[in-house]
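Please look over the fold of this protein and report on how its parts pack. Take the sheet and the helices in turn, then a few single residues.

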Amino acid sequence: MITIFKNKKDIPQDKEYIELNDIFFNQNTATKLDDRAAKYIQMIDGSELISKYKIRSRFEDITLNTDQLSTGCKTVLNVLYFPDKVFCLKECGNNALEILYSFDVGNVYSEYAMIPFDMEQVKAQTSRECKVIEDYEELKEWWENEE
């Protein structure tokens, strides 16, 4: 299950924190795209991965470079291909959040609550503890009350 950090100080020193998902994707993740990415590109952006660096947009059926994917989609793909790093959630829409929260592994950060309504189970990590939360309301409360 995905691990959530809400304070940067709680991110372990051995885990790299990535704030700028667009830049990280363009410089690292884009070269790794394969069949696993195609599914998420379709689900989030409604586009089709037609080659390693090209997508067919849902808008007017035009071909674009993968650097034109939404930041939410890029964030999901960053977590998918680099589950050992911690990625910022700030620019994710609900469709990307729903997918991220369903991942078996990965790490994300946001100082404010970003929770899809249909979440199932996540690890909430602080410097003191790591606890499994299985409920939207409980996670929202953790985000708002935990120091």
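Predicted model: local features only at pLDDT ≥ 70, side-chain atom pairs only at ≥ 80, totals over all residues.

Six strands make up an open sheet. Their order is S2-S6-S7-S1-S8-S9, and the pairing is mixed. Strand S2 (17–18) and S9 sit at the edges. Each of these edge strands pairs on one side only.

Strand S1 (residues 3–5) runs parallel to S8, and three bridges join them. In that pair, Ile 4 stands opposite Ala 124 of S8. S8 also pairs with strand S9 (residues 130–133), this time in the antiparallel sense, over four bridges. Here Lys 123 faces Val 132 of S9. The link from S8 to S9 is a hairpin of four residues.

**Helices on the sheet**

Helix H3 packs on the sheet and touches strand S6 (86–88) and S7. The direction of H3 makes about 175° with that of S6. Helix H5 (residues 136–145) lies across S1, S8 and S9. H5 runs at about 145° to S9.

**The H2 and H3 pair**

Helix H2 (residues 35–45) packs against helix H3 (residues 71–81). Their axes are 10 Å apart, at an angle of about 155°. Angles over 145 degrees count as roughly antiparallel, so H2 and H3 fall in that class. Their crossing is right-handed.

H2 contributes Arg 36, Ala 37, Tyr 40, Ile 41, Ile 44 and Asp 45 to the contact. H3 contributes Cys 73, Val 76, Leu 77, Leu 80 and Tyr 81.

**How enclosed is H3?**

How many of the residues of H3 are buried? The count is 11 of the 11, so H3 is largely enclosed by the rest of the structure.

| Residue | Relative accessibility | Class |
|---|---|---|
| Ser 110 | 0% | buried |
| Thr 71 | 15% | buried |
| Ser 51 | 32% | partly exposed |

Thr 71 belongs to helix H3. Buried means under 20% relative accessible area, so Thr 71 qualifies at 15%. Beyond residues up to four places away in sequence, Thr 71 touches Asn 21, Asp 22 and Glu 91.

Ser 110 is in the loop between strand S7 (107–109) and strand S8 (122–125). Which residues does Ser 110 contact, leaving aside its neighbours within four places in sequence? They are Phe 5, Lys 6, Leu 89 and Trp 143. A polar atom of the Ser 110 side chain also lies 2.8 Å from the backbone oxygen of Tyr 112.

Ser 51 is in strand S3 (residues 48–51). At 32% relative accessibility, Ser 51 is partly exposed. The C-alpha atoms of Ser 51 and Ala 38 are separated by 9.6 Å. Along the chain, these two residues are 13 residues apart.

How values were computed
Residues numbered from 1 in each chain as written. Heavy atoms only, no water. Helix = DSSP H or I, 4+ residues; strand = E, 2+ residues; numbered from the N terminus. Buried < 20%, exposed > 50% of the residue type's maximum accessible area, 1.4 Å probe, protein only. Polar contact = N/O pair within 3.5 Å; in protein donor to acceptor, adjacent residues only side chain to side chain. Contact = heavy atoms within 4.5 Å. Pairing = 2+ DSSP bridges. Axes fitted to C-alpha atoms, helices over the stretch in contact; angles between N-to-C directions. Parallel < 35°, antiparallel > 145°, perpendicular 65-115°, else oblique. Left-handed = near helix turned anticlockwise from the far one by under 90°.
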